Amino acid sequence: MPHYKLMYFNLRGRAEIIRYLFAYSGIKYEDHRIEQVDWPKIKPTIPFGKIPILEVDGVTLHQSLAIARYLAKETGLAGQTPLEQALVDAIVDTIDDFVSLFPWGEKNQDVKQQTFNDLLTNTAPGLLRDLDCFLGDNKWLVGKSVTWADFYWDVCSTTLLFLKPGLADNYPKLLALKQRVQALPAIAAWIQQRPKTTL
Ligand SMILES: N[C@@H](CCC(=O)N[C@@H](CS)C(=O)NCC(=O)O)C(=O)O
């Protein structure tokens, strides 16, 4: 088993999907959380200057979704066939397109607040409607077993629901999917033990 070291801030953020994959598969890793104040010193030492990164036996991987996809393939959570894998990737990218619209680092609080409100009020409902339609009456988003697309829905919706509680109230099937993910014993244990952060 390789030695895994994950580096990110003390946030769920873009590292949480990676932590879910480690938690679910029971793989040991170093969950290295850095302080914001130390970041300017660390940034120039990192290829491409962004986190999360995952060191795999000394090889540095960047881009949260590339890291998550690698772990999902290693652990059988990427989809059972190439077609399922493409569907999983498409759902993850669809959710990520939306999450990436948020100006997380915006310094002007008025601009930030206004853009967040607009996205949560005007853009989110379309995404939720489409995801709900895609899920239909199925247990999991793709195929007959849980994949990292289900994990990504839970991870991202947890933050969206923190920002706007009630956002998904019209979509009980999506909320039930979220509960199914959070009830998986290894995920439930991780949620219980993880450092409590707002984002
Ligand atoms: N698409 C990249 C985005 C990485 C990213 O923007 N990371 C942010 C934290 S969420 C970061 O490193 N911010 C500090 C900086 O840009 O200096 C990923 O998913 O990993």
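Modeller: Start with β3 and β4: the two run antiparallel and are joined by four bridges. Bear in mind that this is a predicted model.

Biologist: Which residue in β4 does Ile53 stand opposite?

Modeller: Ile53 faces His62 there.

Biologist: And how many residues sit between the strands in the hairpin of β3 and β4?

Modeller: Two residues lie between those strands, and in this hairpin Asp57 has a positive phi near 50°.

Biologist: OK, what about β1 and β3, how many bridges join them?

Modeller: Four bridges link β1, residues 4-9, with β3, residues 53-56, and this pair is antiparallel. Within the pair, Tyr4 is opposite Val56, and Leu6 is opposite Leu54.

Biologist: What order do the strands have in the sheet?

Modeller: The order is β2-β1-β3-β4, in an open sheet of four strands with mixed pairing.

Biologist: Which strands stand at the edges?

Modeller: β2 (30-34) and β4 (59-62) do; each has a single partner strand, so one side of each has no neighbour in the sheet. On average, neighbouring strands of the sheet are turned by 20° against each other, ignoring direction.

Biologist: Switching to helices. Which strands does α1 lie across?

Modeller: Helix α1, residues 16-25, lies across β1, β2 and β3, and runs at about 145° to β1.

Biologist: And α3, which strands does that helix touch?

Modeller: Helix α3, residues 64-75, packs on the sheet and touches β1, β3 and β4. The direction of α3 makes about 115° with that of β4.

Methods: Residues are numbered from 1 along each chain as its sequence is written. This is a predicted model: local features need pLDDT of at least 70, side-chain atom pairs count only at pLDDT 80 or more; totals for chains, interfaces and linings use all residues. Side-chain values use heavy atoms; hydrogens and water are left out. Two strands pair if DSSP finds at least two bridges between them. Axes are lines fitted to C-alpha atoms, for helices over the stretch in contact, and angles run from 0 to 180 degrees between N-to-C directions. Contact means heavy atoms within 4.5 Å.
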